[in-house]
Amino acid sequence: MEAKGKNNDSWTEPYSSSPNSFSSTLPLPKGLTLEVTPLFRPKLWSFLAQRAFNRKGTYIKSYYSHLLEKPNPLLLAQVDKDIRRTGFSTASSLLEGKNSSVIPSIAENLRNILLAYAKHDQHTGYMQGMNFIAAGILVSLQESIEHLERLKSKKPFFETEAELEEFCFWVLDFLFREREFRKIFDPDLGKIEDLLNKFEQQLDENGLLFVSETLKNGEIGLMPIFGGFFFTAGLNRLPIELISKTLDGVLSEGTSFISRILIFMMVKCSQRLRELSESPIDLYEFLAKDLVSFFLRKFPNFESILFS
């Protein structure tokens, strides 16, 4: 299978790690995510991920379908296993301490997107965490479809389910190539360590360096707690009510948006963090399991606070 055009990147080759390969798309103005409605979201994402959709045009028309042919049995088994564990919490379930609900009715779409991406970017392949990002994209766009179906006079953005699925694939491609998620998942590039170093600087700037110091003194460090936020764009921990808005920000700003959400919640919960700082284990347990639910209990109007 070959792609058309002279300047496209072959899907069998690693993506460029050159800074020039990243998008020059300007970040959204602060607070714009409050104005993004489900009806408008597909158009916004199409605009933000324009470079990925431009790349789509350099490949043969049936490129995505070809990616789905003859999947690796071992990869398929791993993807299916992770899909069964993919769910999102609601604010109410977090407040009540319940487990997240399982993603309904999108398993086949999610499986196809993950298998296609693993073949599309063979250098990165598939890793755990991608399932939450891809599922978040699907859930957000399905919400848009449901709104359009209720407004029967509106022309649907996606004519078929296959169009929706392929659109999600290219949005995922944009996040990995243009918003640095590929570097996070690539252990050879060490991007996750860079992110955590920058995150530690932000902790210091916001009067939270004691958090990092406490965890280091307990030989825990930042990675066991905060690495998961970056590997999943935070979508495995934030309530489903925030998934679409979080992805609006991540598509616009990249990983810095995730850092801002984390820092904001920690600043708002700083008194509790200081109370637990005498014990590295207690602080670890709170950050790993209870930070988000504690924040939601303290700030019931969490959506307007986080996205304003």
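In which helix does Met265 lie? The points below answer this and then turn to other parts of the model, which is predicted.

1. **Met265.** This residue lies in helix 14, which spans residues 255–268. Met265 has a relative accessible area of 1%, and it is therefore classed as buried, the limit being under 20%. Setting aside neighbours within four places in sequence, Met265 is in contact with Leu238, Leu291, Val292, Phe295 and Leu306.

2. **The chain as a whole.** The secondary structure consists of 17 helices and two strands. Of the 308 residues in the chain, 50% are buried. Among contacts with a separation of 6 or more, 78% are between residues 24 or more positions apart.

3. In soluble globular proteins, nonpolar side chains tend to be buried together. Here the largest nonpolar core contains 91 residues, and Ile137, Phe181, Phe226, Met266 and Leu287 have the most contacts inside it. Helix 8 contributes the most to this core, with 10 residues.

4. **Phe181.** With neighbours within four places in sequence left aside, Phe181 is in contact with Ile133, Leu175, Phe176, Phe230, Ala233, Val250, Thr255 and Ile258.

5. **Helix 1 against helix 8.** Two packed helices are described by the angle between their axes and the distance between the axes. The axes of helix 1 (residues 41–48) and helix 8 (residues 161–178) come within 10 Å of each other and cross at roughly 45°. Helix 1 is therefore oblique to helix 8. The crossing of helix 1 past helix 8 is left-handed. On the helix 1 side, Pro42, Trp45, Ser46 and Leu48 take part, and they meet Phe167, Val171 and Phe174 in helix 8. By class, this contact comprises six nonpolar residues, one polar residue and no charged residues.

6. **Helix 13.** This helix, residues 243–253, is mostly covered, with 10 of its 11 residues buried. Gly254 follows helix 13 and has a positive phi, near 85°.

7. **Asp82.** Apart from neighbours within four places in sequence, its contacts are with Tyr126, Gln128 and Asn131.

8. Most residues other than glycine have a negative phi. Lys70, although not a glycine, has a positive phi of about 50°. Lys70 is found in the loop between helix 3 (63–67) and helix 4, and it is exposed, with a relative accessible area of 81%. Glu180, also not a glycine, has a positive phi of about 75°. Glu180 lies in the loop between helix 8 and helix 9 (181–185). Its relative accessible area is 21%, so Glu180 is partly exposed.

Note on methods:
Residues are numbered from 1 along each chain as its sequence is written. This is a predicted model: local features need pLDDT of at least 70, side-chain atom pairs count only at pLDDT 80 or more; totals for chains, interfaces and linings use all residues. Side-chain values use heavy atoms; hydrogens and water are left out. Axes are lines fitted to C-alpha atoms, for helices over the stretch in contact, and angles run from 0 to 180 degrees between N-to-C directions. Helices (H or I, at least four residues) and strands (E, at least two) are DSSP runs, numbered from the N terminus. Angles under 35 degrees count as roughly parallel, over 145 as roughly antiparallel, 65 to 115 as roughly perpendicular and the rest as oblique. A crossing is left-handed if the near helix is turned anticlockwise from the far one by less than a right angle, and right-handed if clockwise. Contact means heavy atoms within 4.5 Å. Ala, Val, Leu, Ile, Met, Phe, Trp, Tyr, Cys and Pro count as nonpolar, Asp, Glu, Lys and Arg as charged, and the others, Gly among them, as polar. A nonpolar core is a set of buried Ala, Val, Leu, Ile, Met, Phe, Trp, Tyr and Cys residues joined through side-chain atoms within 4.5 Å. Buried means under 20% relative accessible area, exposed over 50%, partly exposed in between (1.4 Å probe, protein chains only).
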